[in-house]
Protein chains: 4
Amino acid sequence: MTEPLYELAHLGHAELLTPVYDQSLAFLIEVYGLTLVTESGGSAYLRGWGDHDLTTLKLTSADHAGLGHVGWRAVSPQALERRVAALQERGVAGDWIDGDVGHGKAYTFRVPSGQRMEIYYESEKYQAPAGQQSYLPNQPQTSVGRGVGAARIDHINVLAHDVVSVRGFMSETLGFKLREHLVPPGQDEAGAWMSLMNKAHDLAITREPTTTAGRLHHLAYAVENREDVLRAADVFCELGASIEFGPAKHSRTQGFFLYVLEPGGNRIEVFSGGIHIFAPDWEPVLWTTEGQGRSTAWGLDVPVTFHSHATPVVP
Amino acid sequence: MTEPLYELAHLGHAELLTPVYDQSLAFLIEVYGLTLVTESGGSAYLRGWGDHDLTTLKLTSADHAGLGHVGWRAVSPQALERRVAALQERGVAGDWIDGDVGHGKAYTFRVPSGQRMEIYYESEKYQAPAGQQSYLPNQPQTSVGRGVGAARIDHINVLAHDVVSVRGFMSETLGFKLREHLVPPGQDEAGAWMSLMNKAHDLAITREPTTTAGRLHHLAYAVENREDVLRAADVFCELGASIEFGPAKHSRTQGFFLYVLEPGGNRIEVFSGGIHIFAPDWEPVLWTTEGQGRSTAWGLDVPVTFHSHATPVVP
Amino acid sequence: MTEPLYELAHLGHAELLTPVYDQSLAFLIEVYGLTLVTESGGSAYLRGWGDHDLTTLKLTSADHAGLGHVGWRAVSPQALERRVAALQERGVAGDWIDGDVGHGKAYTFRVPSGQRMEIYYESEKYQAPAGQQSYLPNQPQTSVGRGVGAARIDHINVLAHDVVSVRGFMSETLGFKLREHLVPPGQDEAGAWMSLMNKAHDLAITREPTTTAGRLHHLAYAVENREDVLRAADVFCELGASIEFGPAKHSRTQGFFLYVLEPGGNRIEVFSGGIHIFAPDWEPVLWTTEGQGRSTAWGLDVPVTFHSHATPVVP
Amino acid sequence: MTEPLYELAHLGHAELLTPVYDQSLAFLIEVYGLTLVTESGGSAYLRGWGDHDLTTLKLTSADHAGLGHVGWRAVSPQALERRVAALQERGVAGDWIDGDVGHGKAYTFRVPSGQRMEIYYESEKYQAPAGQQSYLPNQPQTSVGRGVGAARIDHINVLAHDVVSVRGFMSETLGFKLREHLVPPGQDEAGAWMSLMNKAHDLAITREPTTTAGRLHHLAYAVENREDVLRAADVFCELGASIEFGPAKHSRTQGFFLYVLEPGGNRIEVFSGGIHIFAPDWEPVLWTTEGQGRSTAWGLDVPVTFHSHATPVVP
């Protein structure tokens, strides 16, 4: 038996591209509830109030929306070296970069589905300034009630033409574990949900319906409970953001969800809950149908845009 | 830098001793909401509806209440061997046993504070019979609304005369990570909260105020959210169980809690939430005071019995 | 200024007709969570655990599904007499009946949209038997966690060809107050939401799309909070009941809702929350559109069946 | 049988006195989450975001904390006249005043326990300015997430030496209905909970332990659900407000509560839920003991200050 790998610790950050930087930034701060850490080099660095790292979202001005890159934190410098070696053994071309706001040197590469990812170990912890320190020392800062109050980065969903191949790559080189997958009868695998340790998913890979590579389906931040998601629905409506899908319960992961598009067009989720995975020999759950009300747990139909829209938008 | 160990996966099960077996069993089933898997050899084997393993609680008739043993599941057969080697290197006397209902061979030993623990890898997954299969294949069975509906085993709290020494032992031999600890001014360490992967704690070690060794403070099962804990408070009262402490919010772990004593005298918790720990270099949070409302997050006083009562009861 | 009438106290009970009596009864008890009080004369009398009256739902075997009648309780014997006089003055043909399980003499009549209604004052309070008495004397019995645990009767929605006329009748003869109404541009009034005292609605009247008179749109029982509605969604799915609509938030009333059809075909709601109406001069809220995401608060589309299906089913 | 009176509609507003006006005002706005409507004549007029009236709280600078007055809104001008007549018939000395910010002419008088109260009919509805209008027209304005987000005025608790006498007065002259009362064995009545229509209570009268008359025990605003109360506990702690009592569940009313003192010393509650009272012949629930965990539903002890502290503070 091959031992499970525990070499990556968590989703560290994501970079979103936007053609309307000012509006996207305002949305992420005022509506989604993130906090601006700093702006530098045409990018804004943001964080959720419950994030222990300095920054978990980089917003970069670009000519179209989409995913800049995804950063995964290794559990140790040694684990980082081992993962880079595994990538190189597999013939993945990559480069070391010196780092960015919030983290040290990183190995950057493209996954087979075209998204740029990086792995790194050195990360800067957030130190709350006076006035923002929580009365509970095990919390990185006071909670933020602004907008929907997105608390901490949770997971990312990318698109791939060949889901099986990409999830195999993520598993073999980086230690992602397959938790659930969807294979509709007579079709190729339509989705794979993977995680690193105890979460339902840190990474989802779903099928790309177009010929474009490297697209982002959505980025999710978590809130503490389902009531926070319901409250988020009200807040989005009050602040003029249009809800695409939810609140409802996912069938895969069982998370409680709500999706909106930020002004740049990237899909953003407010997520809560999800099953906990403790078994080291978890057997991937095979879903064989989208029908019979099981695309979502309670039978809510998935809107067409949820399958068709991703960023960048295909012309 | 030493790399973090990810060799144990989760709290697998606990064995509670009770002098009133029938009453304890009825309470665990009807009030706490567990399900009886089987009875064998003077013990009952129970499970929460959300547990993926066959059984997570063994209830054994004895002349006094207390902790029979605690079982931890390793992430692989190799990890099991490595942990046994580490224990033996440290001179811990232990024995291999053939297994029990729900798990295979296990290495059993006493921790320095006197509790018996065991580690094992082979574990039997629960297979829901027809009629109890959930409509969601990623859930081990239909949810159970009986009593408070305790869903899955979460953590255990044992007492130790020398908290620092015992937590060091758990860390060095088994890979438990210190997440938070309490050192009141001028006193020895009063408590340590440790976890294996992403949870706030799988194991708490708090100071034993008597000369007895090997005592249990409490065993906790989790429910999905805080509303479930509030509902549990009503259910306990309606069913005649007396609440010792809660519902309220812990300062350490930030979990939402509720404690009762089962008829045998063992303390049982209904727990929800808790911080998530993703940083592989998490710096243990040092709490230096019990005062100023921070024994609990919102200032609720801790009842005297919470510090004095444990099982077995000291004569 | 005409003074507001406070002559009716609350929705007392409803009678549902079903062509599959045994299945409807089993559903109402095991899935919806009501309790059977007694069976008599081909009808079952049921109650929610939070109902203070002996019975709030009468289920009667019939050759088709539909509404038997609706019972409203007057605030006093004198108010009952005054309301009967008002009905008679208006030329409404009615009859006094001796009463039924749970209530005394009642005046029965048909409203202009064809539904049979009755008003009465004498009502039997529920007395919980030993073992079902709550630990809280201000609660009629212990809470019931069976199925979705529907707690108390809340409101009823009937169909009418001429909404304005029927709501005028209910207002002028019985003192129902118009709280909200929907008039889509260029159309007749499509819905009216009316209440007696502080609730968002005790009665909804929506437009009948067919030529049939006297149809029922849905009957609702309330649960305490939104988490209970979310939990109900899981329970319905686990027990094989198909969700028609929800959970989501209504725009009118702001209640949090979930609809299913009981086996006989009658639509049943699990409802929670809703705005509170305290102003004695509440100005009816005029909604002029169903579009732009406001049929439901967060934009969820209304399923076609919600507009087309009612009982009896039009052949 | 005497018919129940429905002559008063709701608690309209309360006036709190404070010796530290600026701090009290800042607390009510930034921490409690109320909104300032205007300041005039040494008083601030505030409102909860869910209040339909222009203002529900008047804060007045004074040399000590306490209750300025309580205002109750009548259901009609005629009901107002009838209640004034009833008061005058009973020999209660009162005066007509011209009105205040938010309401028209009012009849002001002292109840037997010494608090000043007034009744009125004309009330100004709140009209949200552009930018604060909710997307839901049945809501007076956008929700406010600032601080604990107190939503709407709910009830007031005053102290009386002779509870029975004062509740009789409130019932006979103004139509308050007794819902629950507490008579500990061998003692005088210790508390009475009264309401006007469907709420568990609009007014609580509890026993004054000192010789002072006219004191305020607490004023409560409601939030939508129990999660909001739990969230409020975190917010109070983060903002440095010390929690006196709760979150927990009341036995009387079953409301979910949380108490703090505002900087002036007046006790403020965040309240959610509570039983619904629909029966026009509701039989007052008699509580005969404070013991056995029933001062609060789940057994939480009542802090000494909750019985001893009221405003003004007795020197």
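Let's start with one residue: B:Ser251 touches A:Leu136, B:Arg294, B:Ser295, B:Thr296 and B:Ala297, leaving out residues up to four places away in sequence. Everything I'll show you today comes from a predicted model, so please keep that in mind.

Where does B:Ser251 lie? You'll find B:Ser251 in the loop between strand E14 (243–249) and strand E15 (255–261) of chain B. And is B:Ser251 buried or exposed? There are 24 C-beta neighbours inside 10 Å, and a residue needs 20 or more to qualify, so B:Ser251 counts as buried. One more thing about this spot: B:Gly274 is 23 residues from B:Ser251 in sequence, while their C-alpha atoms are 9.7 Å apart in space.

One of those partners belonged to chain A, so let's look at how the chains meet. Between chain B and chain A, 32 residues of chain B are in contact with 32 residues of chain A. On the chain B side, strand E1 (8–18), helix H2 (77–89) and strand E17 (285–287) each supply at least two residues. H2(B) gives the largest share, 3 residues. Sorted by class, that side of chain B has 17 nonpolar, 10 polar and 5 charged residues.

Now for the other pair, chains D and C. Here the contact takes 32 residues from chain D and 32 residues from chain C. In chain D, strand E1 (8–18), helix H2 (77–89) and strand E17 (285–287) each bring at least two residues to the side that touches chain C. The largest share of that side is 3 residues, from H2(D). Its classes come out as 17 nonpolar, 10 polar and 5 charged residues.

Next, helix H2 in chain C. H2(C) covers residues 77–89, which is 13 residues, and reaches 18 Å from its first C-alpha to its last, close to the 18 Å expected at 1.5 Å a residue. Which residues of H2(C) are buried? They are C:Ala79, C:Leu80, C:Arg83 and C:Leu87. If you look down the axis of H2(C), these buried residues fall within an arc of 105 degrees, so they line one face of the helix. Here is a handy bit of background: an α-helix has 3.6 residues a turn, so residues three or four places apart point the same way.

What covers that buried face? The cover includes strands E5 (66–74), E6 (94–97), E7 (106–110) and E8 (116–120), along with helix H3 (163–174), of chain C. Turned away from the buried side of H2(C), you'll see the exposed residues C:Ala85 and C:Glu89. After H2(C) comes C:Gly91, with a positive phi near 85 degrees.

Let's move to chain A and strand E12, residues 203–207. In E12(A), 4 of the 5 residues are buried, so the strand is largely enclosed by the rest of the structure. Which strands pair with it? Strand E9 (residues 152–160) of chain A pairs with E12(A) in the parallel sense, over 5 bridges. In that pairing, A:Arg207 in E12(A) is the bridge partner of A:Ala160. Strand E11 (residues 191–195) of chain A pairs with E12(A) in the antiparallel sense, over 4 bridges, and A:Trp193 stands opposite A:Ala204.

Last stop, the core. The largest nonpolar core has 374 residues, and those with the most contacts inside it are A:Phe236, B:Phe236, C:Phe236 and D:Phe236. Setting aside neighbours within four places in sequence, A:Phe236 is in contact with A:Val31, A:Val148, A:Ala241, A:Ile243 and A:Val260.

Terms used. Residues numbered from 1 in each chain as written. Chains lettered and ligands numbered in written order. Predicted model: local features only at pLDDT ≥ 70, side-chain atom pairs only at ≥ 80, totals over all residues. Contact = placed C-beta atoms within 7 Å. Nonpolar A, V, L, I, M, F, W, Y, C, P; charged D, E, K, R; others polar. Expected span 1.5 Å × (residues − 1). Buried ≥ 20, exposed ≤ 12 C-beta atoms within 10 Å, placed from the backbone. Arc of directions from axis to C-beta. Core = buried A, V, L, I, M, F, W, Y, C linked by C-beta atoms within 7 Å. Pairing = 2+ DSSP bridges.
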